[in-house]
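Trainee: I have a new structure to read and would like to learn how to go about it, feature by feature. Could you take me through it?

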Amino acid sequence: MESAMLSSAAPRRLSDIAFHGNPDSPYLRWFAQNLKRRMKRAGHTEVEPEANPGFVLNFINPDRPRPFRRNSQGTFVVGVVEVAEKPADLLPAAYPYLVKSLSNLLIYITPTEQGPETHFVTLEQGYYTAAAREGDALFEEVYKHIAPLASTRLVINNLFRKDLPESLWQGTEVTQAIYDAGQRLEAMNLLPAPFPITELLNERDMAHVKRLFGIGGLSYGNVSARHDADSFWMSARGVNKAQLRDVGRDILLIAGYEAEEDAIVVRVPPNVEPRGASVDAIEHWALYSEHPDIGAIIHIHAWIDGVASTTVNYPCGTYELAQEVADVVRAAPDPSRAIIGLKNHGLTITGRSLDDIFARIDGKILPQVPMT
C-alpha cells in the first residue's frame, strides 16, 4: 500500500453558507441573525440555498419538519427546531427531527424557567447541551459545535473496479474473521440498533437519501482487516455488521484512495452490484497506509476510560476526521495496538489482528459515549 500519510498541514476550506426555512418565532429570528453574524465573522460567505453551498442552516417547523434537498454529498446540513416544551426524555423526542430533516446535526431548542436551552443531537444517537444561554457566549459555543461541519470535506465517493480476482469472490480467511468479528460485536451488545429511518421518511425522501449516499438505513460501527500490503477488507456502508457474508455487498476490498477525486477505490466481482464503502474507509486507509504492522481495525460506538482522544467533533467520512485520528494514532506508544477515542462518537481500535483487538478490550468497554 503506497504511503500517503494525511498531511496535518492540509488546508481546511471554509464552506459557503446558506440559511433555509422560516425562523417563525422572535427567538428563532434572533438566533438566526446572531449565528449568521458569527459565521460571517469567522470568514464564511453567505449564498443562496440554490447555489450548492457547503453548509446549510435549515430552520424547520416542528409540526411539519421538511428537509433541505441538497444536491451534493458534500453539503452538510444542520437542522434547527424550537419546540413548545422540554420533553422528559430528550433524545427519542428530538431524534426524529434529525432524521426527517435529513440533517447531519440537529440544534434542538427547548424552553426552561431560566430561558431557552440549546441542545445538539447527533447521528450517533447522542446529544449534548450548550452551557451558555444568551449573548455572545451562546453563539461562540454554537459555532464551536457546528464549525467542524462548516469547514470539512467529505470523502465518501467510490471508484468501483470490477476486477476482483475470481479466487476472492467467495471470500478468504480474512473475510471469515471479519464475519466472526461482527458476530462477536453483536454478542457484546456493541452494535446499537440502527434508528428505523424507513419508518420516518416518506418514499421520496428515502429515495433522495439512497441516491445521495447509497444507503437504505443507518448502521453503526465497522470492522476491517488487512488483505495484503496494498489493500484491506472492510464492512460496507449501511449493512448489518452481525451478518457480514457476501463479498462485494457486505464486505469490500478497499484498494486505495484517489486524492484528486476524493474517492475510495473498491475492487469488486464483475457480476455484483456493490454497496458503497464505509464512510470511515478514508480513516482506515490512512492508518493501514502509514503503519504496516496494523493488521485490523474496529470502530464501535462505545468508550473506554482514560484513552487518548481527538479534540474536534468532525463528521464521519471527512478528510479532517481521518487526519486527526491518524495524528493521535501516530502519537501512541505502539500505533499498531492503539485505542483512540473519537470526540462525541466512539472508539477506533487498531490491532495486529481482530483477535488481538478483542483480547485487549475485553471487560473494558463502556456502552455510553460521553458527550461534551
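Mentor: Let us begin with the whole protein, keeping in mind that this is a predicted model. Buried residues make up 56% of its 372 residues, and the accessible surface comes to about 16,200 Å², with 47% of that surface belonging to carbon and sulfur atoms.

Trainee: How many helices and strands does the secondary structure of the protein have?

Mentor: There are eight helices and 15 strands. When contacts between residues at least 6 apart in sequence are considered, 68% of them join residues at least 24 apart.

Trainee: Which residues touch the most other members in the largest nonpolar core?

Mentor: The general idea is that in soluble globular proteins nonpolar side chains tend to be buried together. In this structure the largest nonpolar core has 62 residues, and Ile264 and Ile300 are the ones that touch the most other members. Helix α7, residues 319–330, supplies the largest share of this core, namely seven residues. Apart from that core lies another one of 31 residues, including Tyr27, Ala32, Val78 and Ala132.

Trainee: With which residues is isoleucine 264 in contact, leaving aside its neighbours within four places in sequence?

Mentor: Among them are Val155, Leu159, Ile254, Tyr257, Ala281 and Ile282, and the contacts also include Asn157 and Asn158.

Trainee: What is the order of the strands in the open sheet?

Mentor: As a general idea, the strands of a sheet pair through backbone hydrogen bonds, either parallel or antiparallel. Here nine strands form an open sheet with mixed pairing, in the order β7-β11-β10-β9-β8-β12-β15-β14-β13. Strands β7 (157–161) and β13 (308–309) are the edges, each pairing on one side only. Within the sheet, β9 (residues 231–235) and β10 (residues 251–258) run antiparallel and are joined by four bridges, and serine 235 stands opposite isoleucine 251 in β10.

Trainee: Which helices pack on the sheet?

Mentor: Helix α7 packs on the sheet, where it touches β10, β13, β14 (339–342) and β15 (346–351), and its direction makes about 145° with that of β14. Helix α8 (residues 354–361) also packs on the sheet, touching β8 (222–228), β12 (296–300), β14 and β15, with a direction that makes about 125° with that of β15.

Trainee: Does asparagine 34 count as buried or exposed, and why?

Mentor: Asparagine 34, which is found in helix α1 (residues 26–41), counts as buried because its relative accessibility is 17%, and the cut-off for buried is under 20%. Its side chain makes a polar contact with the side chain of arginine 37, at 3.0 Å.

Note on methods
Residues numbered from 1 in each chain as written. Predicted model: local features only at pLDDT ≥ 70, side-chain atom pairs only at ≥ 80, totals over all residues. Heavy atoms only, no water. Core = buried A, V, L, I, M, F, W, Y, C linked by side-chain atoms within 4.5 Å. Buried < 20%, exposed > 50% of the residue type's maximum accessible area, 1.4 Å probe, protein only. Helix = DSSP H or I, 4+ residues; strand = E, 2+ residues; numbered from the N terminus. Contact = heavy atoms within 4.5 Å. Areas by Shrake-Rupley, 256 points an atom, 1.4 Å probe, with all protein chains shown as cover. Polar contact = N/O pair within 3.5 Å; in protein donor to acceptor, adjacent residues only side chain to side chain. Pairing = 2+ DSSP bridges. Axes fitted to C-alpha atoms, helices over the stretch in contact; angles between N-to-C directions.
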